[in-house]
Structure formats: structure tokens, C-alpha cells
Amino acid sequence: FNPLNSVQYVVRAKLFGDNFSLWFLSQIFIFVPTCFFLYGFARKIGATFWQSVFFPFFTLLGQQMLTWWMLCTAEPIAMFFVSLAMYLMAKASQREGDILSVTGFVVSIALSTLCKESFILFIPAAVVMWWALLCYGKMKPDMANIFFKALLPSVTLLIVMLFDLWVILYVVKTTTEGYNGIDGQMPLIGLLKDPHMFLMRLKVDIWVLLDMYTFGVILFGIFLIMNALSEKKDEFLRIIRKMSLFGFVFAMIFIPQVILYDKSGMQTRYWLPAFLAFSIAAVYLLKTISKSKEISFFGKRVFLVLIIIAFIPRVEHAVSRAKDFASEGLATRDLFRAVLSGDIHDPKILVVGDPIVNYEWSVALVKYFSFYGDVKKISFFEVGTDRGAELRPDFVEMVSKSFREVFGNNTVKTVNKGDYDFIIIMPNAESGFAPVARNADIFAQYKRSGYFWGRGEFVLYSRTVK
């Protein structure tokens with residue numbers, strides 16, 4: 001359910017066609033304002049210039065940066081609306097009667113939910129943030145005034161959330177969880193009874209470990225503040241209230257997203273908007289610790305260094321993945337040219353790969369060759385890969401169903417001499433196809449070409465014997 005995202009991509013397709021330079025340029029025009037509004041939010045809550053500059057980059061860099069150069073993902077436009085909402089929210093919280101900003105923040109959050117379903121779950125967090133900002137910085141907040149100021153936007157957003165969910169369930173009529181949700185074998189009540197098993201089943205890689213490290217740095221920052229104020233009763237109680245509110249905001253942003261992506265694991269673009277929990281926490285603690293007179297100079301510098309250590313790998317990862325993406329594009333281009341530049345009309349093509357791991361690549365090949373090469377039939381030969389074996393059965397079944405809808409009866413079980421003009425082998429699938437190729441004596445009839453990119457290789461076998 002992402003109607004607004006679909007509309008904006010149709011408009012861009014109409015305007016830009018297949019000019020990918022313009023497509024990427026349009027992504028920049030989404031990325032830059034998103035950074036600006038995140039910067040503005042940080043400034044509104046009292047962060048310094050450099051802390052505010054740090055905030056958008058800490059939010060967007062890392063494995064989630066991948067979504068900004070994957071042209072058909074929904075997170076960029078959704079994050080634009082969320083960043084605008086956060087800026088207007090912070091602005092409205094500091095000015096009485098700023099109806100325009102309040103309206104803008106509510107509308108922006110509502111629009112983000114029409115871009116990507118996961119942003120529907122950001123609505124409760126946005127409501128909590130709105131209340132927190134109204135209370136923020138006030139020694140004795142006027143709760144009656146805050147209640148009346150916060151009530152209408154909060155109720156409106158919750159109605160939007162319920163309406164979105166109603167549309168998904170009863171209009172779109174989604175009947176399966178797909179790769180989202182908690183595994184049916186372990187419902188939420190089971191997670192509460194056995195949290196250890198839940199943590200063991202989460203997909204953890206080096207970048208998730210980095211985010212766990214970031215969470216540890218946040219806890220260390222909280223400890224610094226609590227320890228420094230432990231002997232000042234009034235200040236300690238005040239900071240306890242602030243930290244409780246801050247912790248609640250963190251939980252409301254992060255936990256729903258973790259539950260949503262329990263099956264597939266928190267990875268790449270799925271960290272948006274979840275990583276806002278970490279970046280808001282980091283900037284808030286940086287601001288509070290740097291201004292605190294009770295925390296020592298050494299403690300402040302230790303916390304700053306720990307934050308920098310959490311940030312640097314995210315920059316390196318974003319740069320390396322950008323290079324990989326660019327090299328993959330060049331390899332794909334050369335592969336397409338090699339197939340379509342010959343004199344064979346309507347070539348017979350076989351794609352070899354893992355239908356789960358290579359699903360998006362395989363579907364893209366079918367659409368490209370059908371549209372640009374007028375290729376009427378592309379067959380698929382399934383092989384398993386180590387990555388595919390690691391995925392959950394329900395996720396595998398969901399992707400397999402979509403795969404069968406694309407290829408239909410064009411999935412083959414055997415390959416014979418001379419059946420195909422070209423055999424395209426997806427990354428990591430050649431070893432699984434080798435026994436079949438040897439048995440059919442295919443290697444003797446074809447010329448092998450490799451198209452390397454940063455994280456793998458496309459292999460093309462072109463028939464030389466007619």
C-alpha cells in the first residue's frame with residue numbers, strides 16, 4: 001500500500017523516461033531537503049550547528065543509504081515527509097497559535113504513510129514526540145494547556161493510522177504477512193515469555209552489531225548524565241523524567257519496526273525510519289552532555305569519541321556500497337549489450353539462479369529484454385544458494401509465489417544441447433549449474449563471459465555452435 005509513491009514514480013517515469021542521469025538527479029532533490037529539515041529539527045531542539053549537521057548524516061548514512069540510489073524504493077520520499085513533519089513539529093511546539101506548522105506536520109506524517117506501509121507504524125512515535133516537544137525545556141509544564149494543544153493533532157494522526165490499516169485490510173485486502181510481521185510460529189505472547197529465543201532468532205550481521213554498539217554508546221551517555229546529577233536530588237528527578245520521556249520516544253520509534261521486520265531481519269533500507277531512534281538519541285545526548293557543568297571534560301570527550309567511532313564505519317559502508325552499486329550497473333549494462341547487440345532476432349534465453357535470492361534481478365531481466373529486446377520468452381532454471389538456505393520458510397514461500405507469477409510455465413527442469421542462444425547465470429549460482437551443464441555437454445558449445453562488479457559476477461554463456 002504505497003499509492004503516493006507509485007504516483008510520484010509514474011510522474012518521474014513520464015518526465016525522465018529511461019534517462020537515468022535525470023532519475024538520480026531527482027533523488028538528490030529529495031535527499032538535500034530531507035537533510036535540511038532534519039538539520040532544522042535538531043536546531044529547533046537546541047543542538048549546536050555541528051551537532052545539527054551531524055544529525056541528518058548519522059540518520060541516513062550506513063546500510064540504509066542504499067535506498068537513495070535504488071531508484072524504485074519508497075523510503076526516500078517517505079523520509080522527506082517525515083523530516084518535514086519533524087521540523088514543523090519542533091517549530092510549532094515553540095510558538096503559540098502556529099496553526100500552519102501544526103497542520104503541515106500532521107499532513108506530512110499522513111503523506112508519509114501513503115508512501116510506505118512501515119511509516120504507518122511511525123504515527124504513534126510522532127504523537128509521542130509531539131507531546132514530548134511540548135513539554136521539552138519547561139521546568140513546570142502547564143499540562144492542561146499542553147493537553148489541549150496536543151489533542152487535536154494526536155487524534156487526527158491516530159485516525160489516519162486506523163484509516164490506513166482499514167484500507168490495507170479491507171480495500172487492498174492483504175491476506176498474508178509476506179516478509180513482514182512476527183513469525184507465526186512464535187506470536188508476540190511467546191516473545192514476552194521467552195525473550196532470549198526472540199533475540200537468538202533475530203538476524204544479526206556486522207552492521208546490526210554496529211547498531212548494537214551505538215545503542216551501548218547511548219546507554220553510556222545516559223549513565224554519564226545520571227551519575228553526574230545523582231547527588232542533586234531536584235536535578236536528578238527532573239532528568240529522570242526527561243530520560244523516561246526520551247526512552248519512551250526511542251521505544252515507540254524502534255520497537256514497532258523491529259517487530260514488523262522480524263521475519264526478514266533489520267537490514268539496509270528497512271532501518272528507515274527505525275534509525276531515527278538512534279540518531280535522535282545521539283544528538284540529544286551530545287547536546288545535553290556538552291552543556292552539562294557536572295560532567296567532566298574527560299567524560300565529554302570520551303562520549304564524543306565513542307559517537308565518532310559509531311559514525312565512521314557508516315560513512316565507509318555508504319561509500320563502498322555506492323561503488324558496488326555503480327559497478328553493478330556497468331556490469332548489467334555490458335551484459336544486456338552483449339545479449340542484444342548480436343544478429344539473433346528474438347533470442348532464446350535461459351536465466352539460471354536462486355529464485356529467492358535472485359528474484360529482483362531475474363524479474364528485471366525479463367522486463368528489460370521484453371521491453372527493449374522484444375524477447376518473447378525467457379526460461380528459468382532454479383539452483384539453490386547458501387544465502388537462500390538461510391532464509392525463513394514462510395519468506396521463501398512468499399517470494400516463490402511471486403516468482404511463479406512472473407515466470408509461470410517457463411521454469412525448466414532440464415537443459416539440452418542447443419536449446420538456448422544465451423544462458424545468463426546470476427551471482428553465486430554457477431557452481432550449482434555446473435553439474436547440469438557438464439552432463440548436457442553445454443560448455444563445449446558456448447563461450448563464457450564474466451561481468452564482475454563489487455560483490456559478485458554475472459556470467460553469460462553465448463552459443464557458438466548453431
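**Ground rules.** Residues are numbered from 1 along each chain as its sequence is written, and side-chain values use heavy atoms, with hydrogens and water left out. Since the model is predicted, local features need pLDDT of at least 70 and side-chain atom pairs count only at pLDDT 80 or more, while totals for chains, interfaces and linings use all residues.

Which residues of α1 are buried? I found Asn 5, Gln 8, Tyr 9 and Arg 12. Down the axis of α1, these buried residues fall within an arc of 100 degrees, so they line one face of the helix. The arc is taken from the directions from the helix axis to the C-beta atoms. Buried here means under 20% relative accessible area, exposed over 50%, and partly exposed in between (1.4 Å probe, protein chains only). Val 10 and Lys 14 are exposed on the other side of α1.

Next I looked up what covers the buried residues of α1: the cover includes α2 (20-44) and α4 (75-93). After α1 comes Gly 17, with a positive phi near 60 degrees.

**Aromatic pairs.** I then turned to the rings of Phe, Tyr and Trp (its six-membered ring), which pair if their centres lie within 6.5 Å; planes under 30 degrees apart count as stacked, over 60 as edge-to-face and the rest as tilted. The count comes to 37 aromatic pairs. One of them is Phe 16 with Trp 23, edge-to-face at 6.1 Å centre to centre and 75 degrees between the planes. Trp 23 counts as buried at 7% relative accessibility.

Another pair is Phe 250 with Phe 254, tilted, with 5.9 Å centre to centre and 45 degrees between the planes. Both lie in helix α11 (residues 233-260), 4 residues apart, about one turn of the helix. Phe 250 is buried at 11%, and Phe 254 is buried at 18%.

**Cluster and charge.** Phe 250 and Phe 254 belong to one aromatic cluster, which also includes Phe 58, Trp 271 and Phe 275. What lies over the face of Phe 275? I found Arg 314 there, at 4.0 Å from the ring centre. Arg 314 also lies over the face of Phe 58, at 5.9 Å from the ring centre. A charge sits over a ring if NZ of Lys or CZ of Arg is within 6 Å of the ring centre and within 35 degrees of the ring normal.

Notes: Helices (H or I, at least four residues) and strands (E, at least two) are DSSP runs, numbered from the N terminus. Contact means heavy atoms within 4.5 Å.
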